[in-house]
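Visitor: Could you take me through a few of the aromatic contacts here, with the cut-offs behind each term?

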Amino acid sequence: MDNSSNIAGIRRRERKTLIIGLLFTSPWINGFLVFQLYPIVTSFYYSMTEYNLFSSPAWVGLQNYRDLFHDDKFFLSMYNTLYITVFGVVPHMAFALGMALLLNMKIKGQSIYRTIYFLPTLVPAVAGSLLWLWILNSQYGLINMLLESIGIVGPNWLVDPDWTKPSLILMGFWGTGTITVMYLAALQDVPQIFYEAAEIDGASRWRKFWSITFPAISPMTLFQLIMMLIGSFQYFTEGMVFAEASQSIGGPENSLLFYSIYLYQQAFSFLNMGYAAAMAWILFLVVITFTLIIFRTSARWVYYGGEK
């Protein structure tokens, strides 16, 4: 009798604790169900329909997905997005890591340099893009003026289709302050005893970086790689501002028609909500695929503390 009553009492306390916990988390649970899960499920349904916001959705099955693979702009927008991803993510990460290594050096005024380097990330994306429109101006821009001072004729960054995407990648180096700060935090967690042992063995700076620093910060590198990959596939604001400077939503010869911009155009300019929803799900599958590939290959180069 005593054991059964004790068990029943424990179960009542557990149920009470569970109910209290659910009550405290109910705002987040309700918010997730209403503002995240419901739109996700609904978008998948809309991707199977023809829907323009003003009439009831008409079921078309997989027709939107079939139309996507016969849409030249769909492939062009995916190419532009992959260009930014391939040629932007790794160089930006390498630059941020290099700056973090410099800012981690014990020099006078270190905190001032860190603050100055982080300041550009506080500028809103639209304001920063408008600033870079002036910097990259072919006639009066600062970059072309500097190139001209050393005898180089600068390109027409904002009009030439071959230079519009490189100009965005160049602008991206300006906003790597957040990544640098996170790398800086990871660098400061590397045990100094490892460097002292390497100096005793006569290791060079490159050997210390490759054998000690990089393995120690590899979890941060994995995190940054995944987050920047996701962000690059959703590249929108900077491309939209640069494209509007040329009075075209896709920029010169659609060289700035990124996937998210084309999705936005289909949804809010053409009101092809079903088509845009199908594009969103294709993007989701692409991002998931690349993320899984990175995770599957990360065991070869990511090292965690405590691993044998």
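Guide: Buried means under 20% relative accessible area, exposed over 50%, and partly exposed in between, with a 1.4 Å probe and protein chains only. This is a predicted model, in which local features need pLDDT of at least 70, side-chain atom pairs count only at pLDDT 80 or more, and totals for chains, interfaces and linings use all residues. Residues are numbered from 1 along each chain as its sequence is written, and side-chain values use heavy atoms, with hydrogens and water left out.

Visitor: Is Phe 268 buried or exposed?

Guide: The relative accessibility of Phe 268 is 55%. Because exposed means over 50%, Phe 268 counts as exposed.

Visitor: How many aromatic pairs are there?

Guide: Rings of Phe, Tyr and Trp (its six-membered ring) pair if their centres lie within 6.5 Å, and planes under 30 degrees apart count as stacked, over 60 as edge-to-face and the rest as tilted. By this rule the count comes to 24 aromatic pairs.

Visitor: Which helices hold Phe 95 and Tyr 117?

Guide: Phe 95 and Tyr 117 form a tilted aromatic pair, 6.5 Å centre to centre with 45° between the planes. Helices are DSSP runs (H or I, at least four residues), numbered from the N terminus. The pair ties together parts that are 22 residues apart in sequence, because Phe 95 lies in helix α3 and Tyr 117 in helix α4.

Visitor: Which ring lies under the charged end of Lys 165?

Guide: A charge sits over a ring if NZ of Lys or CZ of Arg is within 6 Å of the ring centre and within 35 degrees of the ring normal. The charged end of Lys 165 sits 5.2 Å from the ring centre, over Tyr 83.

Key:
Helices (H or I, at least four residues) and strands (E, at least two) are DSSP runs, numbered from the N terminus.
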